[in-house]
Amino acid sequence: MVLMNEDEKALFEQEMAGVQPLKSRESKVLHQRGNAKPTPGQVYRRAAAQNPHGGDENFLPSGFIQAVHPLEVLSFKRQGVQNGVFHSLQQGRYPVEATLDLHLLSIEQARRAVFQFIRDCMQHDIRTALINHGKGTRNPESQAVIKSCVARWLPMFPEIMAFHSAQKFHGGTGAVYLLLRKSEKAKERTRESLGLKSGKPVP
């Protein structure tokens, strides 16, 4: 560190008179940049980063999907579904309240149709439904493309409690039964029919 005598110090202060410290100006610029409104381009990039699907709420994939055999039996059951309920679903004992036919659709068309179908089922309190996906045995390569997609997509819906390939009178391995979760509206109606309110008996 260099020490200045009184004469040198006075001369230095005289030469530096009127000069503003650089640090103060930099801080002011940075503060202004931090408060500046983002440009439309920045807003778009931030939104795109938060939603990589570009605004598409459909989360079902359309890329590579593991193929299943055209005659394979599809079966899925979440924890909490009673074995008796699942067995009845397997046997086709529940009434089919809604049906979706995916024959002759492309993968992208089927992807959109399945997503909308499940959403509509929940909106209308559908508990058991049927999706006809076909077996793929009629295409030149005998590949069950749509069936493979359905097998991949259905477990991704938290609303679907179970599914199983249908009985022959409903399409066999070319179709699948769905057991859907009870909607909040349906749960509320059940509570009201039992005289319950917020899970407690009404006095």
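Author: What follows covers confidence, then the aromatic contacts, then their setting.

This is a predicted model. The mean pLDDT of the chain is 78. Of its residues, 62% reach 70 or more. Two stretches call for care. Over residues 22-35 the pLDDT is below 50. Beyond near neighbours in sequence, that stretch has 0 contacts in the model. Residues 39-54 also stay under 50. The model gives them 3 contacts beyond four places in sequence. Where pLDDT is low, predicted coordinates should not be read in detail.

Now the aromatic contacts. The count is 4 aromatic pairs. Take the pair of phenylalanine 59 and phenylalanine 115. Their ring centres lie 5.6 Å apart. Their planes meet at 80°, and a pair counts as edge-to-face over 60, so this one is edge-to-face. The two residues come from distant parts of the chain, 56 residues apart. Phenylalanine 59 is in the loop between helix 3 (40-50) and strand 1. Phenylalanine 115 is in helix 5.

Phenylalanine 115 has 11%, so it is buried.

Phenylalanine 115 also pairs with phenylalanine 157. Here the centres are 6.4 Å apart. The planes are at 40°, and the pair is tilted. This pair too links distant parts of the chain. Phenylalanine 157 sits in the loop between helix 6 and strand 4, 42 residues from phenylalanine 115. Both phenylalanine 115 and phenylalanine 157 are buried. Together, Phe59, Phe115 and Phe157 form one aromatic cluster.

Next, the elements around the cluster. Helix 6 spans residues 145-153. Buried there are Ile146, Lys147, Ser148, Cys149, Val150 and Trp153. These buried residues pack against helix 5 (107-123) and strand 5 (175-180).

Strand 1 runs antiparallel to strand 4 (residues 160-165), and 3 bridges join them. Phenylalanine 76 has phenylalanine 163 in strand 4 as its bridge partner.

Last, the loops on either side of helix 5. Leucine 104 lies in the loop between strand 2 and helix 5. Its phi is near 70°, a positive value in a residue other than glycine. With a relative accessible area of 88%, leucine 104 is exposed. Aspartate 125 lies in the loop between helix 5 and strand 3. The phi of aspartate 125 is near 60°, again positive in a residue other than glycine. The cut-off for buried is under 20%, so aspartate 125, at 18% relative accessibility, counts as buried.

How values were computed
Residues numbered from 1 in each chain as written. Predicted model: local features only at pLDDT ≥ 70, side-chain atom pairs only at ≥ 80, totals over all residues. Heavy atoms only, no water. pLDDT = per-residue confidence, 0-100. Contact = heavy atoms within 4.5 Å. Buried < 20%, exposed > 50% of the residue type's maximum accessible area, 1.4 Å probe, protein only. Helix = DSSP H or I, 4+ residues; strand = E, 2+ residues; numbered from the N terminus. Pairing = 2+ DSSP bridges. Phe/Tyr/Trp six-rings, centres within 6.5 Å; stacked < 30°, edge-to-face > 60°.
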